[in-house]
Amino acid sequence: MSATYYTRRWPELANCTLVKGLDEQGRSKQGFCAGCGAALTGRRIVWCSDACMELVFGNHRWQYARAIVLREARNRCAFCGGWAYEVDHIEPARGRHGEFSCIHHRTNLRALCHRCHKARTAEQRATDASRARRARREAAEREGQRRREMQPRLAI
Ligand SMILES: [Zn+2]
Ligand SMILES: [Zn+2]
Ligand SMILES: [Zn+2]
C-alpha cells in the first residue's frame, strides 16, 4: 500500500520553487506538511501551520493571492501610488485565473489602480497582437519557402 496522503492532485506544484512537501505527482507524504515537508505533529494532517497553508493557497489560488497582495500593498498602486483595488499579473495569466497555478505567485502580482491597470492591459493586448501578426507572417514565409523547395527544378 502506498504511504502517500492524497491531499489533491496538484501536478504543477511539483515543480514549484515555493512548495517543498509534494512529490512529482503533486502528492504530499502522509505525516508530512504539504507546504514545507516537515514532519507533522499533534492532530495536523495536511499543514504544519497556517503559514504553510497560506504559502500554498496564497501563491496559487487567485482569490487568496489577490487579497493578500492588496493587503500587503496597503492598496497602493505600484505605478502611480494611487488607490489600488485591482491586481495585475506581471507575466499574464491568460485565462488561468480559475486554476490552481504558479502564475499566481505573489512575486508575479502587483496592486494597481484602475487607470494604470487599464493602460497596462491595453499595452499587453497590443504586444500580443503584434506577436500574433509576426507569427502569421513567419508561417506564411515558411510555407512559401516549402513550396519553392517542392518545385522540381530541372535544368534541361
Ligand atoms: Zn509546513
Ligand atoms: Zn496607478
Ligand atoms: Zn508555485
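These questions and answers concern a predicted model and the reasons behind some of the terms used for it.

Q: What makes H1 roughly perpendicular to H2?
A: Helix H1 (residues 50–60) and helix H2 (residues 62–72) pack at an angle of about 95°, and their axes are 5 Å apart. Angles from 65 to 115 degrees count as roughly perpendicular, so H1 is described that way relative to H2.

Q: Which residues of H1 and H2 meet?
A: On the H1 side they are Phe57, Gly58 and Asn59, and on the H2 side Tyr64, Ala65 and Ile68.

Q: What is the contact of H1 with H2 made of, by class?
A: Four of its residues are nonpolar, two are polar and none is charged. Gly counts as polar under the classes used.

Q: How do you know that the span of H3 is close to the expected one?
A: Helix H3 (residues 114–150) has 37 residues, and the distance from its first C-alpha to its last is 54 Å. The expected span is 1.5 Å times one less than the number of residues, which for H3 gives 54 Å.

Q: Why is H3 said to lie largely in the open?
A: Of its 37 residues, one is buried, so the helix lies largely in the open. To be buried, a residue needs 20 or more other C-beta atoms within 10 Å of its own.

Q: Why is Ala38 called partly exposed?
A: Ala38 has 14 C-beta neighbours inside 10 Å. A residue is exposed at 12 or fewer and buried at 20 or more, so Ala38 counts as partly exposed. Ala38 sits in the loop between strand E2 (28–29) and H1. Setting aside residues up to four places away in sequence, Ala38 touches Phe32, Cys33 and Cys48.

Q: What makes Ser101 partly exposed?
A: The count for Ser101 is 19 C-beta neighbours inside 10 Å. Ser101 belongs to the loop between strand E3 (86–89) and strand E4 (109–112). Beyond its neighbours within four places in sequence, Ser101 is in contact with Glu12, His60 and Arg96.

Q: Which residues touch the most other members of the largest nonpolar core?
A: In this core of 13 residues they are Leu22, Cys33, Ala34, Trp47, Cys48, Cys52 and Val56. A second, separate core has 10 residues, including Ala65, Val69, Cys77 and Cys113.

Q: What does Trp47 touch, not counting residues up to four places away in sequence?
A: Trp47 touches Cys33, Ala34, Gly35, Cys52 and Met53.

Notes. Residues numbered from 1 in each chain as written. Chains lettered and ligands numbered in written order. Predicted model: local features only at pLDDT ≥ 70, side-chain atom pairs only at ≥ 80, totals over all residues. Core = buried A, V, L, I, M, F, W, Y, C linked by C-beta atoms within 7 Å. Contact = placed C-beta atoms within 7 Å. Axes fitted to C-alpha atoms, helices over the stretch in contact; angles between N-to-C directions. Helix = DSSP H or I, 4+ residues; strand = E, 2+ residues; numbered from the N terminus. Parallel < 35°, antiparallel > 145°, perpendicular 65-115°, else oblique.
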